[in-house]
Structure formats: structure tokens, C-alpha cells
Amino acid sequence: MTHLHVDELDRIELDDGFEWRPVRRRFGIRAFGVNAYAPGATGRIVEEHTESTLGHQEIYLVLRGRARFTVDGNEHDLGPGELVFVRLPSLRRGAVALTDDAVVLALGGKPGSPHEPSAWEAMFAAVPAAREGRWADAIRMHEEALVEQPGSAPLLYNLACMESRGGRPLDALLHLTRAIALDPKWAEYAAKDTDFDPIRAEPGFPA
Amino acid sequence: MNEGYRVLSLDDLERLKSTDGTLTLLPLRRTIGFRPFGVNAWLGEHAGDQVIERHREQDGDEELYVVVRGCATFTLGEETFAATAGTLVHAPPGTLREAIAAEDDTLVLAIGAKPGKAWEPAPWEDFYVAFAHRAAGRVDEGRALVVDTLTRHPGTWQGPFNAACFEALEGNDDAAFEYLRAAFDRAPALIGKYASDDHDLHRLQADPRWRELFG
């Protein structure tokens, strides 16, 4: 498929209450980050976050409807054709929809670096499968993403979550251990994460 | 004003006509200083106007076009289709692409970069703006941008070739031939054909220096 309307994209409602409509994954775009968002049950349309970890600059363009953006504590009500460019990755940003039909296009990347698909895309894409208990599908999506980003600790950690809940304790232990070796902070998360309850008593559980 | 972010409307951007008047660029990337990849908007003021020029990205850029408002008739490879507001069009590298406004005031966002490569601002953006300044009577501003762009992108044939076009349009034939010679030295196999086909340079073809250069 070379063209489609933003309303024909997959719609994945995430736990934070907004709807992710994957553009980059749908077209297989490799050169830049691009996704669309619509309001979910809570009316949120862009999650509150910073880009400090990835170092991305981002543009949020309102394609339809109206949305209230909060950037670095300042509110801006924007309509179609209006945008926010967030140059500093450390600034906290987010948006709520002011109209039900709102759609925001988000563009992002790290200056001076070739674009790499963000690990969160595979994790978001696996949410419907995980929600429905289709663990094999959720695990496959993570494994496919890890082929391209074998050193991604968040992907390894999330894969371990899926494997733990999907009845693959040895794989879960292996991938959780690798995630923690890459970044020890994942041990703290694992200690409180109920996804690991099925394997917490296993010998060698690393947290 | 917070220096860490900026809010604007695409309609706040300058509307820059191409030299032949067929295209209207709204230079988003350059205006806001976005650095990760290329992103600009193109406007078809009237139905029938060219919004995206007919071209292929032979250097390997993949592009996504987003119809922000209005409606455009896109050609992508062998396919032609109507793209209303909210339509996303993906053009892999090398694919022929073109868009014509099917409604007045059709606005299309164009996003592009090469997969696997760190993006660098392409000189065409600056040359496009320089030529638009010239067309608007701001010749000195346009020329300063041409010289600045040549300094920032040394070694290419496209730089001096564009500079030759700029000076030819301004009637500065000596400078135009100096730039043409520099372009020819860098890509002798290409420049003869491009120069012969370029409308900006047609007037120079009667000059004896043209034959000296291209035979």
C-alpha cells in the first residue's frame, strides 16, 4: 500500500488513554519517525513525556480538529495546520483533544544520527496481542524488533514480560538478565513488575 | 518566547515561488531549524497548480507526503489517485511522483530523508530561497545566500551550476561563465546536457564562451 487516509491506519488504544495510529510501521519507513495520534477514552491525544532518553526533536502538527498542547508548562490551543516544534528534548510536552475528531501527526528524530525505529513502537504494536493474551504474537513482535535492535534493553525487558506471562520462564529469565546487564535500572522495575510474578520464585531471578 | 520550542501555523510561513512560478514552497524546516530530516510544505493556490513537482528521488531519499488541506491528484509510479485532506502518500526512493492541486488552497507536507544516513540540510533549500529572494527583487540577499551555500557545500557541481543560473538571470555573464566552468570541471559528463536544457542559461548559448566550454 502506497497511500491511505489517516482514518484507515490501525488504531491502538494505549493504557494512557490515547490512540496510536502507526504510520512509520504501516509504510515500512526507515528514514524518519512519523506517527499519528487521536484521542482515546480519556481525551488525551499526546502522552505527557520528554524526549530526554532518545534525544529527539519533534514536530506535532494538528491535521484535524483541535488540541490543547502543554509544553514546558505553557498551554497552546491549536487547530488544523498549526504545529508545535519542540527543539529541546528535555521539555515536557503533551496534549489533550478539544474535539473528538482531532488527529495529530508527530514527526521525530535525533539530529545528526541516522534514524532508528524506536523500541516503543514494537512494544505499542504488541499491546493488543498482550491485552488479548495472544502471547506468542506479542513475543514474535518483540523478537522481530530485536533483530534490528539487539542491544535494546527496553525491548529485552518487555520481551521478558511477555515470555513470563506467556509461560516461557527460561526465556523470560534469560532476556530479563540481559536487559539488566545492559542497564541495571531494569532490576528495580522488575522487582515491582507483576508481569514477573510467574517467575519471581525461579532460581536465578535477577531482581 | 521559549527558545526550547515554537508554536506556529503553516500559514505563517513565507510563500516562495519557484523561478518559473509553477511551485510554491513554505519553508518549514529552514524556518524553525529542524535538523533530524527534511520537512517542508508545498501549496497549490489554485486548482490545477503543481503542488509537488514531477520527479524521482534518485539519490535515495524516501518521502512521505501528507495532504494537510484541500485535495491533490497524485501520480506515484504508474498509479494516479485523488488524495483528500488526511491522506498519507509514501514514495520509496526512485519512484516517479507528482501532485497537482484538485482544489484551491491545497497544502501538502513533504517529509524526506535517506534510510540509514544521518540527515544533512540539502543545498536545494537554500538555492530555492535565494532564487525566490531574487524574484522578489531582493537580489543582494539572494546572492549572499548563494555565496554562503557554496561555502557550506564545497566540491559539488550543483552549487556552482545554480550560482551560474542565478548570475545568468541577473545578466552577470562573466560571473555566470566562471561558475559554469567550475561546475564543468567537477562533472564534465553531466554539465553540458544540464546546461543546454536549463532555461535560465539559454541566453548564454549565443556567447562564444559557451562553445569554448561545451564545444
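Residues are numbered from 1 along each chain as its sequence is written, and chains are lettered from A and ligands numbered from 1 in the order in which they are written. Because the model is predicted, local features need pLDDT of at least 70 and side-chain atom pairs count only at pLDDT 80 or more, whereas totals for chains, interfaces and linings use all residues. The model scores ipTM 0.90 and pTM 0.91.

**Chain B as a whole**

- Chain B has seven helices and eleven strands; helices (H or I, at least four residues) and strands (E, at least two) are DSSP runs, numbered from the N terminus.
- For 215 residues a compact globule would have a radius of gyration near 17 Å, and the 18 Å of chain B agrees with this; the radius is taken over C-alpha atoms, and the globule rule is 2.2 Å times the number of residues to the power 0.38.
- Taken along the principal axes, the C-alpha atoms of chain B fill a box of roughly 55 × 45 × 35 Å.
- Of the 215 residues of chain B, 39% count as buried, where a residue is buried if 20 or more other C-beta atoms lie within 10 Å of its own, exposed if 12 or fewer, and partly exposed in between, with C-beta atoms placed from the backbone.
- Among the contacts in chain B with a separation of 6 or more, 60% come from residues 24 or more positions apart; two residues are in contact if their C-beta atoms, placed from the backbone, lie within 7 Å.

**Domains**

- Chain A is divided into domain 1 (6–109) and domain 2 (119–199), with bounds that come from an automatic or database domain assignment, and the C-alpha centres of these two domains lie 25 Å apart.
- The contact between them takes six residues from domain 1 of chain A and five residues from domain 2 of chain A, and β3 (18–22) and α1 (24–27) of chain A each supply at least two residues of the side of domain 1 that touches domain 2.
- Chain B is divided into domain 1 (10–113) and domain 2 (123–214), and the C-alpha centres of these domains lie 25 Å apart.
- Eight residues of domain 1 of chain B are in contact with seven residues of domain 2 of chain B, and on the side of domain 1 that touches domain 2, β2 (16–17) and α1 (28–32) of chain B each supply at least two residues.

**The open sheet in chain A**

- Four strands of chain A form an open sheet in the order β5-β10-β7-β8, with antiparallel pairing; two strands pair if DSSP finds at least two bridges between them.
- At the edges stand β5 (44–49) and β8 (74–78) of chain A, each with a single partner strand, so one side of each is left without a neighbour in the sheet.
- β5(A) and β10 (residues 93–97) of chain A run antiparallel and are joined by three bridges, with A:Val46 standing opposite A:Ala95 in β10(A).

- Strand β9 (residues 82–86) of chain A is largely enclosed by the rest of the structure, because five of its five residues are buried.
- A:Glu82, A:Val84 and A:Val86 point one way from β9(A), while A:Leu83 and A:Phe85 point the other way.
- Four bridges join β9(A) to strand β6 (residues 57–64) of chain A in an antiparallel arrangement, in which A:Tyr60 has A:Val84 as its bridge partner.
- β9(A) is also joined by five bridges to strand β1 (residues 5–9) of chain B, again antiparallel, and here the bridge partner of A:Val86 is B:Tyr5.

**Two residues in helices**

- B:Ala195 is found in helix α6 (residues 188–197) of chain B and is buried, with 23 other C-beta atoms within 10 Å.
- Leaving aside neighbours within four places in sequence, B:Ala195 is in contact with B:Leu180, B:Leu201 and B:Phe214.
- A:Pro169 lies in helix α6 (residues 169–182) of chain A and is partly exposed, with 17 other C-beta atoms within 10 Å.
- A:Pro169 and A:Ile199 are 30 residues apart in sequence and 6.0 Å apart in space, C-alpha to C-alpha; leaving aside neighbours within four places in sequence, A:Pro169 is in contact with A:Ser164, A:Pro198, A:Ile199 and A:Glu202.
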